[in-house]
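User: I have a structure to go through with you. Please take me through some of its features.

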Amino acid sequence: MSERVIVIYDSTFGNTKIIAETISGEFKTGTKPVHVSEISVEALSDFDIIIVGSPIIGWKPTEKTQLFLDSIKAGMLTGKKAATFDTRVKLFIHGDAAKKMAEKLKNAGAEIIIDPQPFYVKGKEGPLYDGEIDGVKSWVKKIIALL
Ligand SMILES: Cc1cc2nc3c(=O)[nH]c(=O)nc-3n(C[C@H](O)[C@H](O)[C@H](O)COP(=O)(O)O)c2cc1C
């Protein structure tokens, strides 16, 4: 695969980070995922595919993730492909982060290549439900097939 991929994440208890690392591993990028506080929006111009993940906090992406995505100017991601995922608990009303992040990336010009994807943790601090890592790997396979 010749496309340059970046995986950006936020994580308090480490579960979203584990998923981001699994995604990077499946893409065989040879690079680690980047914490959202360690990348500038300008650096996104170096990549073809942008994957963003966040826990749902209070029905939304984390504050840091929202600030990062809101600072991307309209049109800045034109020609780039993007996908988003979130981690969440199994609640009747859990809110959403992945869809909200996809909407922001789309507004910045990116093409959203796959439906925003939830992954589930057993409680606030995790761990991930059994089988979620396999779910992550299948999700990445679907993305690669769409490129
Ligand atoms: C302050 C707080 C608010 C949360 N709000 C939600 C929520 O609205 N919906 C939900 O599904 N999970 C909610 N959670 C659970 C988080 O999604 C969960 O802690 C997260 O997926 C763990 O990811 P991490 O290990 O990467 O931090 C909340 C957790 C915290 C600490």
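What follows is a set of questions and answers on this predicted model.

User: Which element gives the most residues to the lining of the largest pocket?

Analyst: The lining of the largest pocket is made up of 20 residues. The top contributor, with three residues, is β4.

User: How many charged residues does the lining of the largest pocket have?

Analyst: Pro55, Ile56, Ile57, Thr87 and Lys124 are the lining residues nearest the pocket centre. By class, the lining has nine nonpolar and nine polar residues. The charged residues number two.

User: How much space lies in the largest pocket?

Analyst: Rolling a probe the size of a water molecule over the atoms shows where empty space is left. For the largest pocket, that space is about 290 Å³.

User: Is Trp59 buried or exposed?

Analyst: Trp59 sits in the loop between β3 (49-55) and α2 (63-70). Its phi is near 75°, a positive value in a residue other than glycine. Exposed means over 50% relative accessible area. Trp59 has 53%, so it counts as exposed.

User: What accessible area do Trp59, Phe92 and Ile93 have together?

Analyst: Ile93 is in the loop between β4 (81-89) and α3 (98-107). Ile93 is exposed, because its relative accessible area is 52%. Trp59, Phe92 and Ile93 form a nonpolar patch on the surface, and their accessible area together is about 450 Å².

User: Is Val121 buried or exposed?

Analyst: Val121 belongs to strand β6 (residues 117-121). Val121 and Val89 are 32 residues apart in sequence, yet their C-alpha atoms are 5.3 Å apart in space. Buried means under 20% relative accessible area. Val121 has 6%, so it is buried.

User: How far apart in space are Asn15 and Lys124, C-alpha to C-alpha?

Analyst: Asn15 is part of helix α1. With a relative accessible area of 9%, Asn15 is buried. Asn15 and Lys124 are 109 residues apart in sequence. C-alpha to C-alpha, their separation in space is 9.8 Å.

User: What is the peptide bond from Gly126 to Pro127, cis or trans?

Analyst: Pro127 lies in the loop between β6 and α4 (132-146). Omega for the bond from Gly126 to Pro127 is near 0°. The bond is cis.

Definitions and conventions. Residues numbered from 1 in each chain as written. Predicted model: local features only at pLDDT ≥ 70, side-chain atom pairs only at ≥ 80, totals over all residues. Heavy atoms only, no water. Patch = residues over 30% accessible without salt bridge, like charges linked within 9 Å, V, L, I, M, F, W, Y side chains within 5 Å. Areas by Shrake-Rupley, 256 points an atom, 1.4 Å probe, with all protein chains shown as cover. Salt bridge = Lys/Arg side-chain N within 4 Å of Asp/Glu carboxyl O. Helix = DSSP H or I, 4+ residues; strand = E, 2+ residues; numbered from the N terminus. Buried < 20%, exposed > 50% of the residue type's maximum accessible area, 1.4 Å probe, protein only. 1 Å grid on protein atoms, 1.4 Å probe; cavity = no way out; pocket = protein on both sides within 12 Å on 5 of 7 lines; lining within 4 Å. Points joined across faces, edges and corners; volume = space filled by probe spheres on them. Nonpolar A, V, L, I, M, F, W, Y, C, P; charged D, E, K, R; others polar.
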